[in-house]
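Welcome, and thanks for opening the viewer. Keep your selection tool at hand, and we will go from stop to stop together.

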Amino acid sequence: MEITEALPEELLERFRARAADYDERNTFCTEDFAELRDRGYLKALLPVERGGYGWGLSELALAQRRLATAAPATALAVNMHHVWAGVAQLLAARGDQRLAMVQDWIAEGEVMAFGISEPGNDAVLFDSKTTAEERGDGSVAFTGTKIFTSLAPAFTRLGVFGKNAEGQLVHGFVARGEGVESLNDWNTLGMRASQSHTTKLSGAIAPAQWVHTRLAAGPNPDALVFGIFASFLTLTASVYVGLAERGLQLGTAALQRRVHQDGQAYTQDVRSRSILAEAGMRMLTLDALQRQVAGDLDALVDHGPQWFPKLVTLRTRAGDWARENIQDAGQLIGGGGYFRGSEFERLYRDVQASWYHPSNAASAANTVASWLVGPLED
């Protein structure tokens with residue numbers, strides 16, 4: 001399926017029209033999510049014979065970017081379902097079937113969510129403050145707190161991890177229900193329709209067959225770690241590439257519409273043209289980087305130790321340049337954009353979420369520096 005067929009312009013216009021109301025009322029993007037589900041968008045990475053679109057990460061990344069130009073919070077919400085679909089696809093393509101159950105669940109209509117981030121845990125995937133209690137039947141009971149659980153009102157399966165008594169990091173899935181409580185605390189500056197509530201795990205049970213990986217704490221070359229980083233960073237970056245693109249669209253439209261008091265069109269104003277040109281150059285660079293990273297993941301290109309620098313650079317630059325493009329759009333739109341309820345005002349708040357997604361700027365800089373000159377000495 002073509003991306004424009006999956007996400008036609010009339011669909012995007014409906015989403016854009018709803019976005020302001022979701023934001024104002026701080027509610028989940030219920031209608032958007034229902035439309036995407038009914039169109040089969042949640043199954044996009046599955047083969048056509050399993051009800052999917054037959055896409056790889058290349059197509060999905062561009063589709064998520066397109067969706068984010070209309071409704072960034074909706075794109076970010078559904079992104080976390082797609083992250084697990086992406087991890088499963090990346091592993092399967094490399095001969096690792098441990099997440100085949102995720103593909104089965106998605107084919108059956110389950111909705112995945114991401115329960116990895118924890119308050120005060122800067123180590124992210126390399127350590128956990130959640131307790132993983134190993135039980136005699138092979139199941140694991142997870143107790144702890146997970147933050148930024150996007151799709152909180154809709155998920156049916158939550159990917160989690162925690163630390164067992166031996167110090168291993170145990171990865172598995174729990175079902176919505178007993179031991180899994182959403183705290184309904186998402187009242188934020190932006191990305192409000194994602195409803196990324198805190199999730200409290202109180203002995204939430206992952207059945208033995210849903211416990212898929214046990215790893216030593218600390219950096220680990222396991223394929224699951226690569227898959228999570230690759231899928232999460234690439235697809236999260238796509239949301240911000242979409243915001244950068246929308247900023248450029250709004251800035252371009254403003255120049256084409258506005259006229260100085262003396263009658264001169266803003267398209268002939270040298271300063272305005274320069275601001276717009278910078279936004280355009282950022283977008284051209286992001287487009288090339290996004291396509292290359294996602295394409296190389298699909299093509300199984302082995303970048304070795306360069307993979308993580310590539311992934312964190314894409315995520316970090318997408319956020320940085322999305323903020324800059326939205327800010328530049330505000331300069332070009334003029335004072336009308338400053339009023340509550342304008343699209344610019346909402347996007348200006350939404351794009352601030354880019355500060356908080358892993359990998360943050362400091363972590364990304366350390367990753368790239370370590371690749372170039374080695375790690376920091378103890």
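Which helices are included in what covers the buried residues of H10? Keep that in mind while we get our bearings.

**Before you start**

This is a predicted model, in which local features need pLDDT of at least 70, side-chain atom pairs count only at pLDDT 80 or more, and totals for chains, interfaces and linings use all residues. Residues are numbered from 1 along each chain as its sequence is written, and side-chain values use heavy atoms, with hydrogens and water left out.

**The whole view**

The C-alpha trace spans about 80 × 50 × 40 Å along its principal axes. Of the 378 residues, 56% are buried; buried means under 20% relative accessible area, exposed over 50%, and partly exposed in between, with a 1.4 Å probe and protein chains only.

**Stop one: H10**

Select residues 343-350, which form helix H10. Seven of its eight residues are buried, namely Glu343, Phe344, Glu345, Arg346, Leu347, Arg349 and Asp350. Now for the opening question: the cover includes helix H2 (9-25), helix H4 (57-70), helix H5 (72-93), helix H7 (223-257) and helix H9 (307-333).

**Stop two: Asn79**

Next, pick Asn79, which sits in helix H5. Asn79 counts as buried because its relative accessibility is 0%. Setting aside neighbours within four places in sequence, you can find Asn79 in contact (heavy atoms within 4.5 Å) with Gln64, Leu235, Thr236 and Val239.

In soluble globular proteins, nonpolar side chains tend to be buried together.

Stay with Val102 for a moment. Apart from neighbours within four places in sequence, Val102 is in contact with Trp84, Ala88, Met112 and Phe173. Val102 is also one of the buried residues of helix H6 (residues 100-108), along with Met101, Gln103, Trp105 and Ile106. Those buried residues pack against H5, strand E1 (112-115), strand E4 (157-163), strand E5 (168-175) and E8. Just after H6, look for Gly109, which takes a positive phi of about 100°.

**Stop four: two loop residues**

Go to Ala217, in the loop between strand E8 (211-216) and H7. Is Ala217 buried or partly exposed? With a relative accessible area of 39%, Ala217 is partly exposed. Leaving out neighbours within four places in sequence, Ala217 is in contact with Phe126, Gly167 and Leu169.

Finally, select Ser139, in the loop between strand E2 (131-134) and strand E3 (140-149). Ser139 counts as buried, at 3% relative accessibility. With neighbours within four places in sequence left aside, its contacts are Glu133, Glu134, Ile205, Ala206, Pro207 and Ala208. Bring in Phe232 and check the distance: Ser139 and Phe232 are 93 residues apart in sequence and 26 Å apart in space, C-alpha to C-alpha.

How values were computed
Helix = DSSP H or I, 4+ residues; strand = E, 2+ residues; numbered from the N terminus.
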